[in-house]
Amino acid sequence: MTQVIVLNGGSSSGKSGIVRCLQAVLRDPWLALGTDTLVEAMPASMRASDGGIEFAPDGEVVVGPEFRRLEAAWIAGVSAMARAGARIIVDEVFLGGPYSQRRWQEALGDLQVLWVGVRCDAPVAAGREVARGDRTIGMAAAQAEVVHQGVAYDVQVDTTRTEALDCARAIAAQVK
């Protein structure tokens, strides 16, 4: 039985919409947690420091050692919740590509995980980024492809021309 669904995609690729749709179409209750949840839980001082996380004007995301330490604890906590019986959907951005996926694989260990790639053409994601108004311009284009390089998936969806609900249904069909 699938215990964790990990969605990986760049900023503004449509992951959050898919997560909400998955929660609606999957039979059992699933918790939604994501990298934005982690960043929002951190003190504001870590969002603009060398040790925390910084969003450069060109859209680059730079993370420091304090962020990595808290992120490792957070990943271990998500894994512990899944081991305790919660079914979890993780909304992630693998800035480190396969290294990022490997950290999750090690933490999730023998849990049943469905790895999902959420793709979106860079120009479309960039348009969504502008419309959202809450992201650093340039992040979507910078992340659109790099987050997928070297990452292995069980299923991939593309939100460029496919609605979140249809993507969620395709993912749900793979959940055991």
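## Salt bridges within helices

The side chains of R169 and D166 form a salt bridge, with an N to O distance of 3.8 Å. A salt bridge here is a side-chain nitrogen of Lys or Arg within 4 Å of a carboxyl oxygen of Asp or Glu. Both residues belong to helix α7 (residues 164–172) and sit three residues apart, about one turn of the helix. Helices (H or I, at least four residues) and strands (E, at least two) are DSSP runs, numbered from the N terminus. R169 is partly exposed at 47% relative accessible area. D166 is partly exposed too, at 42%. Buried means under 20% relative accessible area, exposed over 50%, and partly exposed in between (1.4 Å probe, protein chains only).

This is a predicted model: local features need pLDDT of at least 70, side-chain atom pairs count only at pLDDT 80 or more, and totals for chains, interfaces and linings use all residues. Residues are numbered from 1 along each chain as its sequence is written, and side-chain values use heavy atoms, with hydrogens and water left out.

Helix α3 (residues 65–83) holds R69 and E66, three residues apart, about one turn of the helix. Their side chains meet in a salt bridge at 3.0 Å, N to O. E66 is partly exposed, with a relative accessible area of 36%. An α-helix has 3.6 residues a turn, so residues three or four places apart point the same way.

The structure contains twelve salt bridges. One of them joins R135 and D134, at 3.8 Å from N to O. R135 is partly exposed at 22% relative accessibility, and D134 is partly exposed at 48%. Through shared partners, salt bridges join D36, R132, D134 and R135 into one network.

## The largest pocket

The largest pocket has a volume of about 740 Å³. Its lining has 40 residues, and the closest to its centre are S11, K15, D36, V93 and R135. The lining divides into eleven nonpolar, 14 polar and 15 charged residues.

The terms are as follows. On a 1 Å grid over the protein atoms alone, a pocket is an open set of points where a 1.4 Å probe fits, with protein on both sides within 12 Å along at least five of seven lines; lining residues have an atom within 4 Å of a point. Grid points are joined across faces, edges and corners, and the volume is the space filled by probe spheres set on the points. Ala, Val, Leu, Ile, Met, Phe, Trp, Tyr, Cys and Pro count as nonpolar, Asp, Glu, Lys and Arg as charged, and the others, Gly among them, as polar.

## Helix α1 and its packing

Helix α1 (residues 15–25) has these buried residues: K15, G17, I18, V19, C21 and L22. They pack against β1 (4–8), β2 (31–34), β5 (88–92), β6 (113–119), β7 (155–158) and α7.

A172 lies in helix α7. Leaving aside neighbours within four places in sequence, A172 contacts L22, V25 and L26; contact means heavy atoms within 4.5 Å. A172 and C21 are 151 residues apart in sequence and 9.8 Å apart in space, C-alpha to C-alpha.

## Cysteines

The whole structure has zero disulfides (a disulfide is a pair of cysteine sulfur atoms within 2.5 Å). The sulfur of C21 has its closest cysteine sulfur in C167, 8.8 Å away, too far for a bond. C21 is buried at 17% relative accessibility, and C167 is buried at 2%.
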